[in-house]
Structures are given as C-alpha cells and as structure tokens.
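This briefing covers sheets, nonpolar cores and aromatic pairs, in that order.

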Amino acid sequence: MVFVLGVALGACSAGTSGPAELTIEQLRDATYDNVLEEPVTLLDGRFEGEPFVPGAATRPIVTLVPGALTKGDLTGDQADEAVVVLVRDSGGSGAFVYLAVVSDNQGTPDNIATLGLGDRVRVTALSIDDGKILAELLEHGPNDPMCCPTSEVHREWTLQDGELMEAPPRGSRVRGHFVWGHESRSFTECGGEREGWAINDAGAELVEVYEELTSTPYQPMFVEVRGAWEAAPREGFGAEYGEALRITELLRAENEGFGCRLELDDVLFVASGNEPFWRLQVREDGVSMRLMDAPGEIEFPTPRLSGQTPHIVFEAEGPGSGINISLERRRCVDTMSGARYAWVATVETAGRQFRGCAAEGI
C-alpha cells in the first residue's frame, strides 16, 4: 500500500551540543528493534521480510520516512541522539508508525528506544528541546475514517532507562465552565473562585465540541482541560478580564453529566458505559463496579498495573472472577450524551466485555 506522512520537519533541534556524528546514510541502513518480533536491518531505508505465507505476495515491510529526522541531546551526556520515524506495513490496510531513538556507539548507530504511535498517525512536526522529543501529530478523531486522521495533538516524551516516557501535557488540569463566542470567550473554574478570558491553544477540536454540545449562543459547557493562567490581553474583549486561561489540551467535555460534581479525588480512574449501563472506580486499594442489570456493587482487591501511557492495564482477582481493565489514551465519545473523554475503557469480567470512556483521577 502507499502511505504518506504529512511531514514538515526540521533536521536540527534546540540541543546545546554539536551535530551528531550519525549521518542519514547510516540511519537508513541501521538496525531497529520493537517494530517486528525480530530486529530489522534497513537497506537504503527499507526492509522487506519473508512472505507471511510461502508464495504469497503480502510480507512485512518497514520503511524510514524521508525527512522525518531530528537531533538533540536526550540523555544529558552532551552528545546528540537522532530520532527518526518508521512505518510498518504488513500488507493489509494498516500502516503503523513508530518513533525510534538512535545513539552514536563509536561511529555505529544503536537503536536505544522505539515507541509505537499507532495506525496511520501522521507526524507533522518533530523536534528536540531541553531533553524532550516534541511532536505535532494528526490522530484519529471520533468520526474520522481510518484513512484520514484530523485531530491535532501535541505530545512530548523523555528518555528514561531506555524507554520513551510521555511527558505530561503543558499546564495543569483545570475544571470549570467554558464559553466560546465572538465577544465572550471565558472560563470559570468549578466553584466560581476564578474566571478569565479563554485562549484556545488546544486546536480546532475544542471549538468543534463546544458547537456540537451547546444549543444556544454563549451557553456554558463543562470542560476539564490542561492550561495555565496568565495576564489578560491588553486590548479587545479579553481586556475586560483580570486574567486569562491559556488552554493547551481538552480532556473532558459534557453538557449532560456530573460535570464539576464528578468525584476524582483519591481515585486512579473512573469509567462508565452504556447498553447496559455500567460504572467503575479504580483505586490504589481496589476496584468497584456497578452494573444496571446486577444488584449491588462488585468489589475487587488491589489491582496490578501494567503498561504505560498511552495504553495501561489494571487487573485484579475477585472471589468469583477476575477483572481486566484496559485503558487507551485517545478521544472517547459517550454513546448517549456525546460527552468527550481522554481515555477509552474496555472491561472484561465474568465472561462479559464492556466498552466505554474513562477519566483520570486527581
């Protein structure tokens, strides 16, 4: 299949050290781990494996994306690492995208970390700044066909013990009511203690969700966002406020639901779904789940955690059966209310599977 990444990448970074000794030619012929089951060695930027079935046409193909390269110091040793983008095509409709970090091991490229970004994700910008990998991505929104992701996402990673760990998005989590219009763009924190002009740095999704979930102009909509408070604009409608909230990420939005009343203290996650309605809490000391078609609350002991963002799993054993809670960090839409969440939840227990959305605790 033909797969095109929308790339607008710089080949340099904000690292303080000199240029890396690794050349693009070396990276195009390097060996990369954790893309297929076995390491793959590229030849002129491409690897072709054996057919999945003898004599068949489909086979695994891994390619290094031209131009998708940045360099900078990720380890603090004053030497630059290189970060490249790889695409794995297994002959079907999917094209799985990876970030690979390569260090210079005495003149030989050494792939020290690889991270999967997902199926047909598009990398539009890539850089290294202050020891972090910064990426602008197009990921799949709730209504996007698999061919064409449109959701603009900013993500950051640091290199820790040979693994790429996602850095928290810019700003802190804030909950309140959001209004978006020509003359009034405001955010009021839950409880009403703080109000300011709203500056949208979260992308088009924030406004699109507001327009979808509200029915009248300037109607307040509950949101949970990441952002930072700053001085209000000196001119325009924003100058009427004492300060402004610069919103960098939309986490949750709803017009029907608990809103500010959703209790997120002392929990790791809360999740819920429909048909039939179910709801659960994941805490450090246990898991509790309630089903509309079953009496009472089902309790499980302290869960085991595995994986890392964007995909983590909690497992616990109960007296009758166990529970497996799989959480994936991507946009989720509640099938009844249209509310948006930052996590997709899949729960398996007692031979049944439940799907829904989840919110992270505070």
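How many bridges join strand β23 to strand β26, and in which sense do the two strands run? In this predicted model, 6 bridges join β23 (residues 322–328) to β26 (residues 343–349), and the two strands run antiparallel.

**The nine-stranded sheet**
- β23 and β26 belong to an open, antiparallel sheet of 9 strands, ordered β20-β19-β18-β17-β27-β26-β23-β22-β21.
- The edges are taken by β20 (297–300) and β21 (304–308); each has a single partner strand, so one side of each has no neighbour in the sheet.
- On average, neighbouring strands of this sheet are turned by 20° against each other, direction ignored.
- I323 has T349 in β26 as its bridge partner.

**The five-stranded sheet**
- Another open sheet has 5 strands in the order β3-β4-β5-β6-β7, again with antiparallel pairing.
- β3 (46–48) and β7 are its edge strands, each with a single partner strand, so one side of each is left without a neighbour in the sheet.
- The antiparallel pairing of β6 with β7 extends over 10 bridges, and V102 has N111 in β7 as its bridge partner.

**Nonpolar cores**
- The largest nonpolar core has 23 residues, of which L99, L117, I133, W157 and L164 touch the most other members.
- Leaving out residues up to four places away in sequence, L99 touches residues including V83, V84, V85, L117, L126, I133, W157 and L164.
- A second, separate core of 22 residues includes V282, W343, V347 and F354.

**Aromatic pairs**
- The count of aromatic pairs comes to 7.
- W197 and Y241 form a tilted pair, 5.9 Å centre to centre with 50° between the planes.
- This pair links distant parts of the chain, 44 residues apart: W197 lies in strand β14 (residues 195–200) and Y241 in the loop between β15 (221–231) and β16 (243–254).
- Both W197 and Y241 are buried.
- The ring centres of W278 and F354 are 6.2 Å apart and the planes lie at 55°, so this pair is tilted too.
- W278 in strand β18 (residues 278–283) and F354 in strand β27 (residues 352–360) are 76 residues apart.
- W278 is buried at a relative accessible area of 0%, and F354 is buried at 3%.
- F178, W180 and Y210 form one aromatic cluster.

Technical notes:
Residues are numbered from 1 along each chain as its sequence is written. This is a predicted model: local features need pLDDT of at least 70, side-chain atom pairs count only at pLDDT 80 or more; totals for chains, interfaces and linings use all residues. Side-chain values use heavy atoms; hydrogens and water are left out. A nonpolar core is a set of buried Ala, Val, Leu, Ile, Met, Phe, Trp, Tyr and Cys residues joined through side-chain atoms within 4.5 Å. Buried means under 20% relative accessible area, exposed over 50%, partly exposed in between (1.4 Å probe, protein chains only). Contact means heavy atoms within 4.5 Å. Two strands pair if DSSP finds at least two bridges between them. Helices (H or I, at least four residues) and strands (E, at least two) are DSSP runs, numbered from the N terminus. Axes are lines fitted to C-alpha atoms, for helices over the stretch in contact, and angles run from 0 to 180 degrees between N-to-C directions. Rings of Phe, Tyr and Trp (its six-membered ring) pair if their centres lie within 6.5 Å; planes under 30 degrees apart count as stacked, over 60 as edge-to-face and the rest as tilted.
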